[in-house]
Amino acid sequence: MRLIGSDWIATMGRTLACAGLLVLPTLGQAAEQDPWESVNRPIFQFNDTVDTYALKPLAQGYRKVTPQFLEDGVHNVFSNVGDVGNLVNNLLQGKVHDAGVDTSRLLLNTTIGVLGFFDVGSRMGLQRSDEDFGQTLGAWGVGSGPYVVLPLLGPSSLRDAPSRVPDSLLTPYPYMDHVPTRNVTRAVNIVDIRASLLDAERMISGDKYIFVRNAYLQNREFRVRDGDVEDDF
């Protein structure tokens, strides 16, 4: 079962989480980065419809029947798996200290934290990174290119879209031979992440397409530069 890509949900999560904290690009700046809006908008609408009528109701049901401690534990397990990608991308970017933190988190959470169910690393002051290959390319000097919206995968860019391929190789799914187990695990991951975004949706205002686009572009710039972005205001 795959209703919508987990990458899209994760991207939306980071976008919404940062939207209230960052200075969004002006309309002119964003428009320059979105020359394919006439194509992107219908794809965005399709993704939003799938989410509204399929994924969001599943996430609401999941949250309603799942005890909070179990929901938190499941979320922690998937976050622990994601630390593998953070570790590799930190190494590729030459961030030795952050890679060391990622390694410590993986060791602690996988062992003491029972495969990541308990986030022991964060309780010990080891903050989680949030890295991907798109950021790695950005750190290497590759520009983001035009903004694109991918069917079922959501907001991206000409740089970030192909970066999903190497990122996917750092997840367990390509190496899970038992198809039912792989599908169930992926589905739970998608629904869990979507459930964590239910409250954040209230931050969206005005034209949803423009809001998501602007927040995404600023969020990616913020993350590629590790928070060192210029304020145009």
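The structure is a predicted model, in which local features need pLDDT of at least 70 and side-chain atom pairs count only at pLDDT 80 or more, while totals for chains, interfaces and linings use all residues. Residues are numbered from 1 along each chain as its sequence is written, and side-chain values use heavy atoms, with hydrogens and water left out.

Asparagine 40 is buried, with a relative accessible area of 3%; buried means under 20%, exposed over 50% and partly exposed in between, with a 1.4 Å probe and protein chains only.

The largest nonpolar core has 11 residues, including Leu55, Phe78 and Leu198; such a core is a set of buried Ala, Val, Leu, Ile, Met, Phe, Trp, Tyr and Cys residues joined through side-chain atoms within 4.5 Å.

Salt bridges, in which a side-chain nitrogen of Lys or Arg lies within 4 Å of a carboxyl oxygen of Asp or Glu, number 21 by this rule, and the table gives some of them.

| Pair | N to O distance |
|---|---|
| Glutamate 201 and lysine 56 | 3.5 Å |
| Arginine 105 and aspartate 83 | 3.1 Å |
| Aspartate 130 and arginine 223 | 3.2 Å |

Arginine 105 counts as buried at 1% relative accessibility, and aspartate 83 counts as buried at 0%, whereas lysine 56 is partly exposed at 25%.
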